[in-house]
Each structure stands twice: as C-alpha cells, then as structure tokens.
Amino acid sequence: MVCAATAVTVCLLNIALTVWAVINHQVIDGLSYLYTGDCQEVAKMSLWIHLGINAMSTLLLSASNYTMQVISSPTRKEVNKAHAKLRWLDIGIPSTRNLRAISWARITMWAILALSSIPLHLMYNTAVFSTLSANSYNSFVVNEDFLVPSATYDTSNDSTTLSVFNTMHELVVKGNLTNYTSTKCMDTYGVNFVSTARNVLLVTKDTKTSNSTVLGSYIWGSYDQIPYWWICGDGWDADPYLYKTAVCTPSIAKAAASDWIVGNHRISYCMVELVEEKCRLSFSFVIMLVVIGVNASKACIMILTVWKLNEPTLVTIGDAVSSFLRDPDPTTEGICLSTKLDIQKKRWKLQTASPWTPKKQFWFRAASVKRWLTCNLLCIGVIGFGGYLLFQGMLSINIYDIKSLWDLGFGTVNTNSVVGVAPTGLIPTTLFANLPQGILSFLYLTYNGLFSCMLGAHEWSRFARFRKSLRVTAPEGSQRSTYYLQLPYTYALPLLLMSGCLHWLMSQSLFLALVTVYDESGERDESNSISTVGYSCIAIFCALILGSLAVLGGIANGFRKYDDGIPLVGSCSAAISAACHRPSKDSMAYLKPVKWGAVEGMDGSSGIGHCCFSSFEVERPANHCLYAGAKGKAD
C-alpha cells in the first residue's frame, strides 16, 4: 500500500509540474524555457530541481524494486507445490528463479515494473536541463589615446575586426565600457566560456610606439585547450597539453597582475564590454511525457498488486519461518540439519539422520557461485571498459597526469572533451549520455542482491545465539515489522550513499554539453555552439576508483565468517522449512520469540535428536550426535 501511494504521489507531482511548465511557459519544438538570464541563478535552480528529481526517482524506483520482490516472492501454496516436486525457491532476496513457479499474471506485472524502470534511468534526470551561454570576444591592447574621440587606428584590417574596432571605440567614447582592474579582468576572462562580458580593451600607459592606438589583438578560440591563455601574458600557449608547455591558470595570472605584459606592453587596466547573461533552464515536454507514462504504469501495477495479490507471499526469511512454524512442511521432515548445499544436491530425498559437526562458514557461501560470478564479472568488466574509455579520453586531449586532468575541471564542459561519436538531437543525445546510469543501476541491483544473500544468512545465524521475534511483513503477536527486506540500515544506508556517489560521479563523467555561443556582435554563432555529449576524465577516474573499492569491499565481506551454531541455509526455502519442525506442543511458536537449537525429547531407542526453531528452551546441538527429528513431531 505504501509503495502504491508513493508511486501515485510521484506521478501526480510530475503531472502538476508538467502542467505548470506548459501553462506558464510557451512550448516550442517540445521545449519550454523556464528561465533565461543569470548563469549562477540557472545553476542554483538546476541543482534544486535535480535534487528533487533524484529524490522522486529514488522513491519511485525503491517502491518499484520492493514491489517486484513482493510479486516474485512465492506464496506458501507455491512453495508446497515446488517442494512436492523436490524443487526449492528463493526466500528473502531479489530472484528470477521464482518466476518459473508463479503465475503468468504476476510474471507480466513483474516484467512491466522491470522494463518501465529503464526509461526512468535513461531520461528522468534530463527532463530539466541547463544550457550555458558564452560570448566570442576580441581583446585589444590599446594605449590611452584610443579612449578619446580623435583616436586613430589601422583601418586595413578585415571588415569584421574593423567593425569591432569601431564599436569598441564608440562605446568607450560614450562611457559605456566598464573599468576593471587587472585582477578583476583576469577573473572575468579566466574561464573557458565568458558569459558576463564580451570584447575588452587592455589599456597600457606605455608611450606611443606607432601611429595606431591599437597595439595588438587576440580573438577567442572556442577549441583552444586554454582559451584564456592570454591573461597570463606573453610566452604562454593556447594548447599547452599538446606542446607539453606550462599551463596558464587564473591564479598564476593574478599572481603577476602588477606586472601584466601582453604584446610587449604593460597593461594598467581593462575597459570591459559587459552584457546580460543568457544561460537557460529548459524543460523537455516530450521527455516528461515519457516519464509520466512509465510512472503511471508503475502506479497501476502497484495498485493492482495490492488489489489482486490477496494471498500473502513469503518476502522475508521471517515470513517463511513463521509460515513453516505455523504449518510445518511434511516434505522436509527428518532433515533438520540440511543446508542449502544438501538441498541443491537433492540429499533431502534420503531422509536420514545427520551428525552435527559445527563449522564456521564464510559469508560468500550464502550466495550461489552464479550470483557471485554474475555480480563481480559484470562489475569488473564495466570497470575495465571504463578504464579503456578513460585512456582513450586522455589520448584524445593528450593529457596523462592527474593534476592536469583536475585542472581541466570536474564535470566541466570543455570543447576538447566531447564525444566524437555522439548522436544528434536532444532525445538521442540524452539517452546516450545517461546510458552509464542505466548500467550502473543494474549493477547496483546485482550488488544489492549479493549483500541481501549474505546479510539474510547473517540474520539467520543469529537465531542460534539469541532468542528473537521474527521479522515479518505483516506482524502478529510479538513479531517485528520490517522496513527493509534483507538489508539492515547499517548496510543499506552506506550502500545507498555509495550508489548515490557513483551516480553523481557518472553524471559528471558523461553529460549533456550544451553551450550557446554568441559572436562579437551578440548574434548567435551556430558554428561554435556546442550540443553534444561531454566527458570529464578526472570524474571517470574517481568513478573507477570508487567502483573498484565497492567491488573489493563486497569480496572482502565474503571472507567474514558466520556463527557455527546453525546450518547455513541461504535463501533456500526447503532448508528453511527443514529447520522449522517445532515440537507439537509449541503450536504458537510463530507468534513468540524463538531460537534454533536441540529440543528435548530424543528418541531413546535410536539416540537421534531433533533441532528446530522453538519458543521453548533449546540447547546447542552436541558435537557428532545424530539429529533428524521423528515424523509426527509437530501438529
């Protein structure tokens, strides 16, 4: 019910936001422009909107994943049917194994929830996106004679440059340029994309050395590795990484601001042409319609689950133990020490007593070899491919050291760091940029499933040491309610934090690179504007480091050991059932705190004991003694 309410609420919020955007802002070619102007304001609005989108996305996907596990969890009737055929099902973990045992209606519902998550991963985060603005500019070294109406300058330049000369001279004479100190000038122009200013006069007080008042010029190049190299003065290169020369940075430039030499002239101050910023926050009506569609489909499936799924499913191990204690399963009588491995090898057919031999098992034995290989090989494969892409990216920009990569910026749009094979058009570009997010989400599900196996077995092992109430989805008596499936908060929160950090790093590694460039006259310059997918090598490097640590952390956890007081059953329904043949007088055990161990009432003639969950007093099984449990022990 909570999941359905969450999905409906998120859907209504998405609809409300879409209606608001359409009513208050005109839709042109499927886009609605929410705001145009100050770039810092756009960045702030984008941050808060995307925090909200990520919060809604997390809630919706969490509700969807929970519902998928509820749908794929078997009912007691389905477990009985499988056990009768000597088959077992998974309890308490995300599983595709159970799909062969449930109805086609539930399989269809499960598939719709799974498939509808793909567009959310690929599109939701770019329903709202920002476009940077940048101004092409000329910087002219002039002496103070240029600032007066009678100034003379060379008119033999090309028509475009001459037009800029004339415009700047007219602006400075009319007092429409702003006087900046050298330091402030460096701050303004020491960025890849200048949005607050356009052309600039670098004024020198040097004595007149020619008939012209214009002593030098520089034209901004959008594809230079360091387009602001000139702020550091003479002797610096626009492509330092290519030629292995020193890299100009604003901090280096400002350190020498008092002795700023450009074109062999000492610069005293700047006269700057300030312009209004034109950064833009856009809303994609088409993308949002897709998001609302898949959101609505999820909400419908969740409502249908609440409405139609009347028979309780065994979602947690506590649900299964409660069910088997209330109504013991006759197919697993007499094998109370069975492990998951015994069931997998069909040893439950033998129905013979087994000696108790305590052994501390590694955590990795709780999950199947197939699950371990699937999770880790996929993760390692993706990390390896990411490393290859990082090398190709570094090769493309000809930078190979961490410091230089960091100086380029973390997730910063750079004309040199764009994907050469990216598709065109907003939606194809969006899907391409967000593809790693979808892959990462799938990997997280496999990783989460691995920890669910290990921690479910850890919860199970503690019943050998402590008497505890069962953790179930619908508590009765002294049973405990569950707010998570198999992950306690001490693990769930760090895993969610890790997932969030990786998703953020991926968003900084590969992203929409949208920059609208305006020429020296303020007209849109399509040839220099950027609309593609950008990448950040330093962000990719950090994502690979964190991903590698996550894989190593999962493997390291696998070498921890469980307590040796109870058989390792993992998620195996048959092995769980075998441990739940309580004494006949303990018929209400499922409602009380229980513990696993040897119960009183050994068969005196055979010396065979019995171990099970019980609310009665139990003892630790005696080493090398036989345990099986006689049929008819429980009602």
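## A nonpolar patch on the surface

Seven side chains, I402, F541, I545, L549, L552, I555 and F559, make up a nonpolar surface patch with about 640 Å² of accessible area together. Patch members have over 30% relative accessible area and no salt bridge, with nonpolar side chains (Val, Leu, Ile, Met, Phe, Trp, Tyr) joined within 5 Å and like charges within 9 Å. Areas come from the Shrake-Rupley method with a 1.4 Å probe, and for residues only the protein chains shown count as cover. A salt bridge here is a side-chain nitrogen of Lys or Arg within 4 Å of a carboxyl oxygen of Asp or Glu.

Helix α16 (residues 537-557) gives the patch its largest share, five residues. I545 sits in that helix, and it counts as partly exposed because its relative accessibility is 43% (buried is under 20%, exposed over 50%, partly exposed in between).

K85 lies in the loop between α3 (76-84) and α4 (104-123).

## The whole chain

There are 17 helices and 18 strands, taken as DSSP runs (helices H or I, at least four residues; strands E, at least two) numbered from the N terminus. The C-alpha trace spans about 120 × 50 × 35 Å along its principal axes. Of the 635 residues, 53% count as buried.

## About the model

This is a predicted model: local features need pLDDT of at least 70 and side-chain atom pairs pLDDT 80 or more, while totals for chains, interfaces and linings use all residues. Numbering runs from 1 along each chain as its sequence is written, and side-chain values use heavy atoms, without hydrogens or water.

Technical notes:
Buried means under 20% relative accessible area, exposed over 50%, partly exposed in between (1.4 Å probe, protein chains only).
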